[in-house]
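Please read them beside the coordinates.

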Amino acid sequence: MKVKATKNCIEGSNKKYDVTIGNEYCVLQIDFDYNDSKIINRFNDFTRFRIIEDSGIMMPCASKLFTITDSKIPPNWVINKLDDEHIEILPAEFRYDGFLEDYYDGVLSAVNTVKEQLELVKNI
């Protein structure tokens with residue numbers, strides 16, 4: 001799935017995302033939150049796309065910042081229901097406890113998995 005940034009901040013929020021208006025980004029995960037007011041208030045959105053921001057780090061961004069330019073997702077993506085309020089659609093390879101922590105801690109296997117999935121999304 002690919003999206004194009006149409007803005008880099010959400011009206012009424014002081015949070016600015018590290019995306020360039022007009023640039024296309026590969027989506028590496030989709031997160032949905034239904035009743036978690038902390039998450040919804042933080043992102044001002046029920047849906048988030050996890051992308052590689054301009055800084056080079058994979059981060060969740062409010063979906064309201066983007067338009068979808070390519071809706072295809074790789075066949076290895078799965079739906080994961082975390083609880084009654086959270087659902088994510090992501091590569092099966094991301095679906096182990098501690099994956100995001102490993103990625104942000106710079107664990108080579110997790111970083112390489114993100115790079116592999118990015119290439120897969122780019123070429124789908």
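1. A salt bridge is taken here as a side-chain nitrogen of Lys or Arg within 4 Å of a carboxyl oxygen of Asp or Glu. By that criterion, the side chains of E119 and K122 form a salt bridge, at 3.4 Å from N to O. Both residues belong to helix α3 (residues 108-122), where they are three residues apart, about one turn of the helix; helices (H or I, at least four residues) and strands (E, at least two) are DSSP runs, numbered from the N terminus.

2. On provenance, this is a predicted model, in which local features need pLDDT of at least 70 and side-chain atom pairs count only at pLDDT 80 or more, while totals for chains, interfaces and linings use all residues. Residues are numbered from 1 along each chain as its sequence is written, and side-chain values use heavy atoms, with hydrogens and water left out.

3. Accessibility is classed as buried under 20% relative accessible area, exposed over 50%, and partly exposed in between (1.4 Å probe, protein chains only). E119 is therefore partly exposed at 39%, and K122 is likewise partly exposed at 42%.

4. Six salt bridges are found in a search of the whole structure, and a network of them links D31, D33, R48 and R50. R48 is buried because its relative accessible area is 7%, and D31 is buried because its value is 5%.

5. Strand β2 (residues 24-33) has eight of its ten residues buried. Two strands are said to pair if DSSP finds at least two bridges between them, and β2 pairs in the antiparallel sense with β3 (residues 47-52) over five bridges, F32 having T47 as its bridge partner. Four bridges join β2 to strand β7 (residues 86-91), again antiparallel, with D31 opposite E88.

6. Which side chains make polar contacts with the side chain of N80? With a polar contact being a pair of N or O atoms within 3.5 Å (within protein, one must be able to donate a hydrogen and the other to accept it, and residues adjacent in sequence count only if both atoms are side-chain atoms), the partners include E88 at 2.7 Å and R95 at 3.2 Å. N80 is found in strand β6 (residues 77-81), and N80 counts as buried because its relative accessibility is 11%.
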